[in-house]
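Here is a briefing on the structure shown below.

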Amino acid sequence: MSGRAKILLMSGSALAGLALGCLPANAQQAPRNGLRTGTPSYIAQTPAAPDPALAPASADPQAIRDPASLIQGQSSAVSSRQPPRASGPVQAPALRGVTQRQFRPPPPTVATLPPPTPPATPPPRRRSAAEEDPWAALGVRVGSITLKPSITSSIGFDTNPQRSAAAGAKGSAFGRYEGELEVQSDWNVHELTGRLRGGYSDFFRNPEASRPDAQGNLDLRLDATRDTRILLESRLNLDTQRPGSPDLNANVRGRPQVWQYGGSAGVTHDFNRLQLTLRGSVDRSDYEDARLSNGAILSQKDRNMTDYGLRLRAAYEITPGIRPFVQAEIDRRDFDEKTDASGYMRSSDGITAKLGSTFEISRQLTGELSGGYQNRRYEDTRLKDLRGFVGDASILWSPTPLTTVTLRGTAELGDTTIAGSSGTTVRRATLEVAHALRRNLTVTGFTNFSRTEYEGQGLREDFMNVGARLEYKLTRTFAIRASFTHERLNSTAPGSDYTANVSQVGLRVQF
């Protein structure tokens with residue numbers, strides 16, 4: 001071995017010995033195979049007692065002499081034990097852990113697959129709304145009011161224009177001209193309704209038989225509150241007298257006119273099912289003077305009079321379709337002249353009591369029936385009181401959508417100028433059946449019957465007519481009308497019976 005190699009070997013041995021002398025005792029007891037097991041004490045933070053042999057022997061800093069002694073000589077701030085609850089979540093001492101799973105409901109146990117959802121039941125079929133009549137007049141709109149004017153022009157033939165009992169009565173062709181106006185409001189509250197019709201019959205061969213006629217009414221309802229309504233009504237009627245009437249005790253020419261017009265005002269209030277109605281009325285009758293066959297004038301001013309009435313009705317609704325009522329009425333008839341042509345004072349006072357009911361059994365059957373008793377006392381003591389049954393009936397029945405049956409009836413006590421007679425008892429009945437063969441083709445059959453009895457005179461007149469009408473609507477505006485009527489009067493007065501047949505056809509224009 002060369003000298004250089006020996007020197008290197010000796011240096012390495014010396015360094016190894018120095019290193020072994022500096023290690024602690026437990027480190028010097030390493031296994032013989034030269035491998036360390038476990039964790040060194042300075043890494044495991046095991047506290048060790050100070051070794052006097054390692055105490056500083058000089059004034060040099062310990063970090064220079066042994067840098068590892070800085071770690072070995074200090075107590076560690078990190079515990080060598082495993083921290084408690086090392087595997088649990090870190091949480092505050094007073095806070096309990098909450099997980100989202102605690103709020104979830106337990107899943108349902110599914111044994112089998114649910115059955116398939118059935119399809120939704122279709123909604124019930126709605127009833128189709130009533131189709132608008134394609135032949136009805138549209139009317140003329142004036143603000144919130146609808147006006148339906150119409151004009152009818154006809155031509156026909158009358159076998160007895162004067163309604164005379166003479167065997168040689170001659171027939172005549174005539175022209176008939178009519179105008180009509182219907183009024184209907186379209187308001188949220190209140191209501192205005194009305195109808196006015198006027199006509200004139202012009203006989204070509206008998207001008208004296210030419211005559212006018214008219215009818216009309218206009219009603220206004222004011223809804224003051226939910227349960228209180230104010231009722232205002234007006235009415236008009238124009239007719240003519242036939243020459244053979246018992247009240248015309250002379251041979252007259254032409255057809256004297258009779259004007260009847262009036263109005264009423266009232267209020268009705270509902271107390272739950274009880275309804276009270278108070279109504280006052282004023283009606284006026286004016287008679288035109290008649291012209292005699294010799295040219296003289298027959299005054300009829302003694303027949304002009306004014307009728308004042310006050311009526312109270314109490315009705316109770318038993319069911320939504322049945323409402324019976326009781327009605328009491330008082331009236332006063334004042335004649336313009338204190339005495340008539342025969343010297344009788346015709347002014348009178350009347351009192352009337354009625355029982356009746358309005359009904360709506362179904363949409364097919366509606367109407368009103370009433371009946372009662374009236375007593376009329378005259379100023380002239382020579383005229384005995386006029387008493388008798390009074391009543392009204394109005395029934396509308398629709399057995400099928402194409403057929404309508406209308407029944408009307410009236411029983412009333414009237415006035416007369418026949419000497420010694422207190423008045424008249426009048427009974428009237430009207431039946432009308434209308435059937436639509438097609439939507440624009442309607443056939444109507446009708447009949448009227450009336451009986452007039454003159455109290456204290458044994459005089460009676462029975463009037464009857466029967467006929468049919470046909471209406472064919474070409475468009476909403478134009479319609480063709482045709483009719484035939486047979487009239488007959490049977491009277492106990494000699495020479496007063498008559499028979500007449502009237503036929504006509506015309507064109508109606510409506511807007």
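In the hairpin of strands E3 and E4, five residues sit between the strands, and His190 takes a positive phi near 70 degrees. The model is predicted.

- Strand E3 covers residues 172–185, and strand E2 covers residues 145–158.
- E2 and E3 run antiparallel and are joined by 14 bridges.
- Asp158 stands opposite Ser172 of E3.
- Strand E4 spans residues 191–203.
- E4 pairs with E3 over eleven bridges, again in the antiparallel sense.
- Gly179 has Gly198 in E4 as its bridge partner.
- In a regular strand, side chains alternate between the two faces of the sheet.

**Ser185**

- Ser185 belongs to strand E3.
- Is Ser185 buried or exposed? Ser185 counts as buried because its relative accessibility is 9%, and the cut-off for buried is under 20%.
- A polar atom of the Ser185 side chain lies 2.8 Å from the backbone nitrogen of Leu192.
- Leaving out residues up to four places away in sequence, Ser185 touches Ser144, Ile145, Glu191 and Leu192.

**The sheet E7-E10-E11**

- Three strands form an open sheet in the order E7-E10-E11, with antiparallel pairing.
- Strands E7 (252–253) and E11 (297–298) stand at the edges. Each has a single partner strand, so one side of each is left without a neighbour in the sheet.
- E7 and strand E10 (residues 290–292) run antiparallel and are joined by two bridges.
- Arg253 has Arg291 in E10 as its bridge partner.

**Salt bridges**

- Side chains of opposite charge can pair when their charged atoms come close.
- How many salt bridges does the structure hold? The structure holds 42 salt bridges.
- One of them links Glu208 and Arg253, whose closest N and O atoms are 2.6 Å apart. Glu208 lies in the loop between E4 and strand E5 (211–223), and Arg253 lies in E7, so the pair ties together parts that are 45 residues apart in sequence.
- Glu208 counts as partly exposed at 32% relative accessibility. Arg253 is also partly exposed, with a relative accessible area of 38%.
- Arg235 forms a salt bridge with Glu233, with the closest N and O atoms 3.8 Å apart.
- Arg235 is partly exposed at 29% relative accessibility, and Glu233 is partly exposed at 26%.
- Glu368 forms a salt bridge with Arg313, with the closest N and O atoms 3.3 Å apart. Glu368 is in strand E15 (residues 365–378) and Arg313 is in strand E12 (residues 305–316), so the pair ties together parts that are 55 residues apart in sequence.
- Glu368 has a relative accessible area of 27% and is partly exposed. Arg313 is partly exposed at 21%.
- Which residues do salt bridges with shared partners join into one network? They are Asp307, Asp331, Arg333, Arg376 and Asp415.

**Nonpolar core and Tyr378**

- The largest nonpolar core has six residues. They are Tyr344, Tyr378, Leu383, Leu386, Val390 and Leu413.
- Setting aside neighbours within four places in sequence, the contacts of Tyr378 include Leu383 and Leu386.
- Other contacts of Tyr378 include Met345, Arg346, Ser347 and Ser348.
- Lys384, Asp385, Gly414, Asp415, Ser422 and Gly423 are also among the contacts of Tyr378.

How values were computed
Residues numbered from 1 in each chain as written. Predicted model: local features only at pLDDT ≥ 70, side-chain atom pairs only at ≥ 80, totals over all residues. Heavy atoms only, no water. Core = buried A, V, L, I, M, F, W, Y, C linked by side-chain atoms within 4.5 Å. Buried < 20%, exposed > 50% of the residue type's maximum accessible area, 1.4 Å probe, protein only. Contact = heavy atoms within 4.5 Å. Pairing = 2+ DSSP bridges. Helix = DSSP H or I, 4+ residues; strand = E, 2+ residues; numbered from the N terminus. Polar contact = N/O pair within 3.5 Å; in protein donor to acceptor, adjacent residues only side chain to side chain. Salt bridge = Lys/Arg side-chain N within 4 Å of Asp/Glu carboxyl O.
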